[in-house]
Amino acid sequence: QKTAASDAQYQDLARLLVQKEALNVIFYDSVHYPLQSQSRDDPEKFIPLIGTHEIFSEQQLAASKDLIDQELRDKKNASDSESSEMKAASSHLVDPEQISAFEESWTKLHSPSNIFYSPQNDRFELLSSATSSHQRLESLVQYFGHLLQQLQTDQQKNDKLMQKVSLYNGGYQKRASKLQSDLSHNYEELQSSTEEITGIKRLQS
């Protein structure tokens, strides 16, 4: 009994959904494909077959579109005005010349030509703080050691890559070497045969 009641309930729900969809289709046809006696441009004469939807004329839709466009333009103008006001306020707070001078000083201070590595203090220091040429020499020796260590590390990576490449291309390299040897041997035989034929022709003549 419960199963029969549930089936009947689902059937009623499905019937209502089908009827609702059918009404929507009829209303859509009545709006977009009206009868000859009806005119959508004239709301007073246009009467939809069913439904309570409000019908707007093309003139009303165009006027609504103009209002929306005008509102978007007003918001954009307000945003641009607010942005320009913020820029003007920030320009009063910070002097552009001071920012430029600060950036120039920062660049000069942290450029590689103005700093050096001090092995004694184990840190980078300003070149102006080097009290003797001995400190600068130690810095150059330390820098050269770092470069040499980096070179050795790169060389080891290169060797590992070459080993991997040789594993992948080892067969091709052997085959290419053998083909090159065969090609050289055949070329030598061709030259020898050409010289023999030339000599025989001269003897025959």
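Guide: A residue counts as buried under 20% relative accessible area, as exposed over 50%, and as partly exposed in between. The model shown here is a predicted one.

Visitor: Which residue does the side chain of Glu71 meet in a salt bridge?

Guide: A salt bridge requires a side-chain nitrogen of Lys or Arg within 4 Å of a carboxyl oxygen of Asp or Glu. The partner of Glu71 is Lys75, with 3.9 Å from N to O. Lys75 is exposed, its relative accessible area being 54%.

Visitor: Where do Lys75 and Glu71 lie, and how many residues apart are they?

Guide: Both belong to helix H2, which covers residues 58-93. Lys75 and Glu71 are four residues apart, so about one helical turn separates them.

Visitor: What does the side chain of Asp80 meet in a salt bridge?

Guide: Asp80 meets the side chain of Lys76, at 3.2 Å from N to O. This pair also lies in helix H2, with a spacing of four residues, or about one turn of the helix. With a relative accessible area of 39%, Asp80 is partly exposed. Lys76, at 53%, is exposed.

Visitor: How many salt bridges does the structure hold?

Guide: The structure holds five. Among them is one between Asp182 and Lys178, whose closest N and O atoms are 3.2 Å apart.

Visitor: Which helix contains Asp182 and Lys178?

Guide: They are in helix H4, residues 133-204. Their four-residue spacing there means that about one helical turn lies between them. Asp182 is partly exposed at 32% relative accessible area, whereas Lys178 counts as exposed at 54%.

Visitor: Let us turn to nonpolar residues. Which residues form a nonpolar patch on the surface?

Guide: To belong to a patch, a residue needs over 30% relative accessible area and no salt bridge, and nonpolar side chains are joined within 5 Å. Here Tyr10, Leu13 and Leu17 form such a patch, with about 350 Å² of accessible area together.

Visitor: Where is Leu17 found, and is Leu17 buried or exposed?

Guide: Leu17 is found in helix H1, which covers residues 2-32. Its relative accessibility is 53%, so Leu17 passes the cut-off for exposed, over 50%.

Technical notes. Residues numbered from 1 in each chain as written. Predicted model: local features only at pLDDT ≥ 70, side-chain atom pairs only at ≥ 80, totals over all residues. Heavy atoms only, no water. Helix = DSSP H or I, 4+ residues; strand = E, 2+ residues; numbered from the N terminus. Buried < 20%, exposed > 50% of the residue type's maximum accessible area, 1.4 Å probe, protein only. Patch = residues over 30% accessible without salt bridge, like charges linked within 9 Å, V, L, I, M, F, W, Y side chains within 5 Å. Areas by Shrake-Rupley, 256 points an atom, 1.4 Å probe, with all protein chains shown as cover.
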